[in-house]
Amino acid sequence: MPNIYDAINQFNLDLSARESQQFAEMTKRWAQMEGRLSSYIQQHADAIATRRDAGLAVGETALTRLETWNRLEAQIVAESAQYQRYAQQVISAEQQIYGETGIAAAQSAIRAEVGAGVAFGRLNPQAVNNMVGIAGDGSPLFDVLKKRAIAPDAVAGLQDALIEAVTLGYSPRKTAKMMADGLAQGLTKALTIARTEQIRAYRTSSLMQYQESGIVTKYQRHAAPSERTCLACIALDGKIYDVNEFASHPNCRCFMTPVIDGVNNPARSTQSWLERQNDATQKKILGGHYDAYKNGTPLADMVKIVDDKTWGATIKIVPLKELTK
Ligand SMILES: [Zn+2]
């Protein structure tokens with residue numbers, strides 16, 4: 001019988017390998033899009049240089065009145081729309097797999113706790129179908145990608161880079177390079193949405209399986225012990241919740257173990273782990289909250305749950321100034 005944490009960890013490892021592959025593919029597609037935009041970007045960078053050489057204004061307003069900007073922007077909007085359709089398909093397909101994996105992981109965790117011989121209610125993998133293509137706020141993924149993400153972020157990123165390059169007097173070539181880098185903000189956003197909405201499908205289906213089991217009463221929340229783990233997640237590590245709610249934040253990698261009457265899982269605490277770390281690691285995780293932590297402020301005081309319009313129930317670090325009140 002595998003240890004409960006090993007049982008769950010294997011699923012997490014498999015999904016993170018899947019995610020690496022998926023993100024590589026999404027990044028490759030983005031680079032192809034960038035390639036198709038590159039001549040428009042270069043033309044705009046050249047037009048600015050020509051303007052500047054002629055002694056004309058190259059402030060933000062002047063730059064976005066140029067014909068080359070209009071063509072570039074129109075092209076970005078068209079390309080982003082295409083990328084969004086692609087991303088929506090990929091993320092929906094992954095949500096299906098993450099959802100089925102969530103059910104399998106929950107079943108495996110329950111078996112690890114009660115043994116293979118104990119019967120419990122099993123959820124049909126088809127139960128995940130209705131969460132595929134849906135985001136955390138209940139809207140279709142495509143709307144989310146449009147609202148939260150790609151085109152506005154890509155245009156804003158590119159524009160910021162453009163202004164900076166022009167202010168610093170960079171060559172058209174260097175300006176074009178910076179613009180392409182700025183454009184990549186759209187990709188960053190797409191990847192965040194992918195990770196967040198896919199893990200959500202995984203957790204939601206695990207919770208559904210807990211409910212279906214008839215023997216899981218609650219779940220325990222766990223944060224990964226790593227210096228990349230956010231303080232809020234560590235603060236909630238070990239807490240017990242009802243099987244119908246999970247507050248997270250974008251890119252959150254916390255996981256759950258089922259709570260079953262009469263079963264005691266091996267102790268595990270990321271908070272004790274944090275206590276054992278050296279000052280450098282503690283500072284990295286706690287940031288500005290390090291002194292408060294050292295002075296005895298409980299971690300529980302440093303986290304709050306807010307209802308975020310975009311991401312749903314979201315955990316947040318309590319700002320230092322609210323903490324010291
Ligand atoms: Zn987390």
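A nonpolar core is taken here as a set of buried Ala, Val, Leu, Ile, Met, Phe, Trp, Tyr and Cys residues joined through C-beta atoms within 7 Å. In this predicted model, the largest such core has 44 residues. Among its members, Ala109, Leu231, Ala232, Cys233, Ile234 and Ala235 touch the most other members. Two or more residues come from each of helices H1 (4-53), H3 (67-114), H7 (185-213), H8 (231-236) and H10 (279-286), and from each of strands E1 (216-222), E3 (255-260) and E5 (312-317). H3 gives the most, with 7 residues. The core draws at least three residues from each of domain 1 (1-214) and domain 2 (218-325).

Leaving aside neighbours within four places in sequence, Ala232 is in contact with His249, Val303, Ile315, Lys316 and Ile317.

The overall chain comes next. Its secondary structure comes to 12 helices and 5 strands. Along the principal axes, the C-alpha atoms fill a box of roughly 80 × 50 × 30 Å. Of the 325 residues in the protein chain, 36% are buried. Among contacts with a separation of 6 or more, 79% are between residues 24 or more positions apart.

The chain is divided into domain 1 (1-214) and domain 2 (218-325), with their C-alpha centres 25 Å apart. Across the boundary, 21 residues of domain 1 are in contact with 19 residues of domain 2. On the side of domain 1 that touches domain 2, H1, H3 and H7 each supply at least two residues. H7 gives the most to that side, with 8 residues.

Two packed helices are described by the angle between their axes and the distance between the axes. The axes of H3 and H7 come within 7 Å and cross at roughly 30°. Angles under 35 degrees count as roughly parallel, so H3 is roughly parallel to H7. The crossing in which H3 passes H7 is right-handed.

Technical notes
Residues numbered from 1 in each chain as written. Predicted model: local features only at pLDDT ≥ 70, side-chain atom pairs only at ≥ 80, totals over all residues. Buried ≥ 20, exposed ≤ 12 C-beta atoms within 10 Å, placed from the backbone. Helix = DSSP H or I, 4+ residues; strand = E, 2+ residues; numbered from the N terminus. Domains from an automatic or database assignment. Contact = placed C-beta atoms within 7 Å. Axes fitted to C-alpha atoms, helices over the stretch in contact; angles between N-to-C directions. Parallel < 35°, antiparallel > 145°, perpendicular 65-115°, else oblique. Left-handed = near helix turned anticlockwise from the far one by under 90°.
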